[in-house]
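Keep the structure open and follow along.

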Amino acid sequence: MIERSQGRLQDRRPVSVIDIGSNSIRLVVYEGLVRSPTIFFNEKMLAGLGRGIVSTGKLDPEAVTRSIEEFRRFRALSEQAGARELHVVATAAAREAKNGPDFIRRAEKILGTSINVLSGREEAHYSALGVISGFRNPVGVVGDLGGGSLELVEVNGYEIGEGITLPLGGLRLQDMANGSLLQAMKIARQELAGAKLLKNGEGKAFYAVGGTWRNLARLHMHATGYPLGIMHNYEMDPVQSMDFLATVATGNIDRMAGIDAVSKSRRALLSYGAIVLREIVERMKPSKIVLSATGVREGYLYSLLPRRKQREDPLIAAAEELAVLRARDVEHAHELVDWTAASFRAFGIDETEDEARYREAACLLADIGWRAHPEYRGTQSLNIIAHASFTGVDHPGRAYIALANLFRHEGVMNDSAASADLLRLATPRYLERARILAALFRVVYLLSASMSGIIPRLKWEKRDNGVLALVIPAEDAALFGERPIGRLAQLAKLTGKKLELAVEGGTPIPEK
């Protein structure tokens with residue numbers, strides 16, 4: 001029996017995936033095979049297997065040698081991490097090269113497992129599953145740009161169209177164009193001209209998958225002064241980003257803001273990635289470009305889950321896991337979910353489906369900062385949530401959840417611990433709701449002592465005089481006091497409602 005740290009969830013064993021791409025090879029060990037897998041260990045090498053494949057038809061010999069040696073280390077790391085399973089997938093270069101089968105046989109012998117060499121359509125399918133695993137009801141076109149190929153496939157919620165693969169991966173495009181960016185533009189235009197599914201996606205989202213596009217987005221964040229350095233679900237306006245993409249496509253990137261954050265080995269492919277993305281935007285005219293940190297690896301793991309697990313909400317699954325790891329009482333968090341929903345209804349506050357999901361996540365995460373010093377519980381909670389590896393949440397929603405938990409500790413009108421940029425990112429509507437939700441937290445925590453049992457017995461009752469009373473059961477009358485009355489007064493001021501704290505069967509005592 002493996003002794004596990006209390007910082008890990010006790011009901012799962014790690015699982016590993018090795019992704020053999022045309023440019024990079026990556027080992028990712030996940031904490032377990034679950035709906036929202038957390039990365040346990042992550043290692044990569046930029047092998048460049050597909051370099052020169054256009055002219056030679058073979059995998060780069062030096063890259064093959066280096067990769068074979070690295071596979072020994074990857075297997076040892078997987079075993080050291082305690083992974084119960086090792087899954088290996090290979091993409092464009094391995095499936096197309098003349099010496100690909102021999103390379104795969106040698107790799108299988110070292111890794112001790114079979115390697116799934118994906119066809120272009122399979123690669124597109126798993127990329128789409130990766131996006132489905134990381135977003136809530138994605139609608140649009142998924143584009144996965146690797147070193148050897150570009151996969152395009154339509155998604156509509158859980159439905160996946162028939163994907164296509166094009167020879168527009170960064171390394172391949174560089175080879176085909178013989179290093180000429182102008183020629184690369186012509187090739188990209190020609191190859192994408194027949195991609196009819198791009199036209200079908202007009203006005204919908206384009207989900208960008210792959211390291212080159214993630215690095216492009218990182219540069220875009222620096223260029224626009226974006227306040228949140230989280231790549232997943234980062235959005236770029238297609239029209240406004242065209243000038244930026246055109247600049248990168250010229251190859252003049254050495255002095256661009258943020259270029260130091262991109263490894264030198266990846267910089268050479270940025271221009272080719274920009275060329276392809278610019279041509280896609282021209283042809284598809286998407287409503288937005290959305291970056292996805294989940295792709296083939298996550299899609300492959302997602303395919304192994306039972307259907308009921310696949311349909312779980314990835315944000316809620318991740319928030320609940322964090323609550324299990326860090327909250328005093330998980331059941332208390334679930335009680336908050338139901339009680340705040342009833343409170344919003346009592347106040348006449350409407351919610352969209354996503355707003356309800358974000359409120360639920362905020363409730364599950366409301367107690368994750370309790371071990372910090374009281375002066376820093378709010379900022380610690382905000383930082384954890386704002387920068388957590390959550391999926392299934394856009395950036396404004398992430399800001400809403402983080403700010404609700406900041407205000408829960410710091411006070412509903414105390415903006416000093418949050419940057420002005422984060423407050424703007426939340427949008428006025430989310431900011432208002434974050435304050436109201438935090439105000440509810442601040443009332444109920446003074447009655448529950450952070451433990452389950454009392455919250456389900458608290459009820460909102462409308463009085464004939466227009467007052468909305470929060471009623472404490474008679475057997476819990478001792479919880480009535482000045483501090484919860486004061487907190488309720490803050491909530492009343494924030495919502496514009498007449499509120500009071502009352503004891504069941506007793507005379508309501510007005511707020512002070």
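## The five-stranded sheet

Start with an open sheet of five strands, which come in the order β3-β2-β1-β4-β5 with mixed pairing. At its edges stand β3 (39-45) and β5 (115-117), each with a single partner strand, so one side of each has no neighbour in the sheet. Going from strand to neighbouring strand, the average turn is 15°, direction ignored. Bear in mind that this is a predicted model.

Strands β1 (residues 15-20) and β4 (residues 85-90) run parallel and share six bridges.

## Ser-22, in a loop

Between β1 and β2 there's a loop, and Ser-22 lies in it. Is Ser-22 buried or exposed? Its relative accessible area is 4%, and anything under 20% counts as buried, so Ser-22 is buried.

What does Ser-22 touch, leaving aside its neighbours within four places in sequence? Its contacts are Gly-48, Leu-49, Gly-50, Thr-91, Ala-92, Ala-93, Gly-147, Gly-148 and Leu-171. There's also a distance worth checking on screen: the C-alpha atoms of Ser-22 and Ala-94 are 7.4 Å apart, though 72 residues separate the two along the chain.

Now move to strand β10 (residues 205-209). Five of its five residues are buried, so the strand is largely enclosed by the rest of the structure. Ala-205, Tyr-207 and Val-209 point one way, Phe-206 and Ala-208 point the other way, and all of them are buried.

Strand β10 pairs with β6 (residues 139-145) through five bridges, and the two run parallel. Here Val-142 stands opposite Tyr-207. Five bridges also join β10 to β12 (residues 288-292), again in parallel. In that pairing, Ala-205 stands opposite Lys-288 of β12.

Strands β14 (residues 468-472) and β15 run parallel, joined by five bridges. Leu-468 has Leu-499 as its bridge partner in β15.

## Two helices side by side

Helix α17 (residues 377-387) packs against α18 with their axes 8 Å apart and an angle of about 170°. That makes the two helices roughly antiparallel. On the α17 side, the contact includes Arg-377, Thr-379, Leu-382 and Ile-385. Among the α18 residues involved are Arg-398, Ile-401, Leu-403 and Leu-406.

## Aromatic pairs

How many aromatic pairs does a search of the whole structure find? It finds nine. In one of them, the ring centres of Phe-71 and Phe-103 are 6.0 Å apart and the planes sit at 45°, so the pair is tilted. Phe-71 is in helix α2 (residues 61-80) and Phe-103 in helix α4 (residues 100-111), so this pair ties together parts 32 residues apart in sequence. Both phenylalanines are buried.

Tyr-400 and Tyr-430 make a stacked pair, at 5.2 Å centre to centre and 20° between the planes. This pair also links distant parts of the chain, with Tyr-400 in α18 (residues 395-410) and Tyr-430 in α20 (residues 427-448), 30 residues apart. Both tyrosines are buried. There's an aromatic cluster to look for as well, formed by Trp-339, Phe-347 and Trp-460.

## Arginines over rings

Last, zoom in on two arginines. The charged end of Arg-311 sits over the ring of Tyr-158, 3.8 Å from its centre. Arg-408 has its charged end over the ring of Tyr-445, also 3.8 Å from the ring centre.

Definitions and conventions: Residues numbered from 1 in each chain as written. Predicted model: local features only at pLDDT ≥ 70, side-chain atom pairs only at ≥ 80, totals over all residues. Heavy atoms only, no water. Phe/Tyr/Trp six-rings, centres within 6.5 Å; stacked < 30°, edge-to-face > 60°. Helix = DSSP H or I, 4+ residues; strand = E, 2+ residues; numbered from the N terminus. Buried < 20%, exposed > 50% of the residue type's maximum accessible area, 1.4 Å probe, protein only. Lys NZ or Arg CZ within 6 Å of the ring centre and 35° of its normal. Pairing = 2+ DSSP bridges. Axes fitted to C-alpha atoms, helices over the stretch in contact; angles between N-to-C directions. Parallel < 35°, antiparallel > 145°, perpendicular 65-115°, else oblique. Contact = heavy atoms within 4.5 Å.
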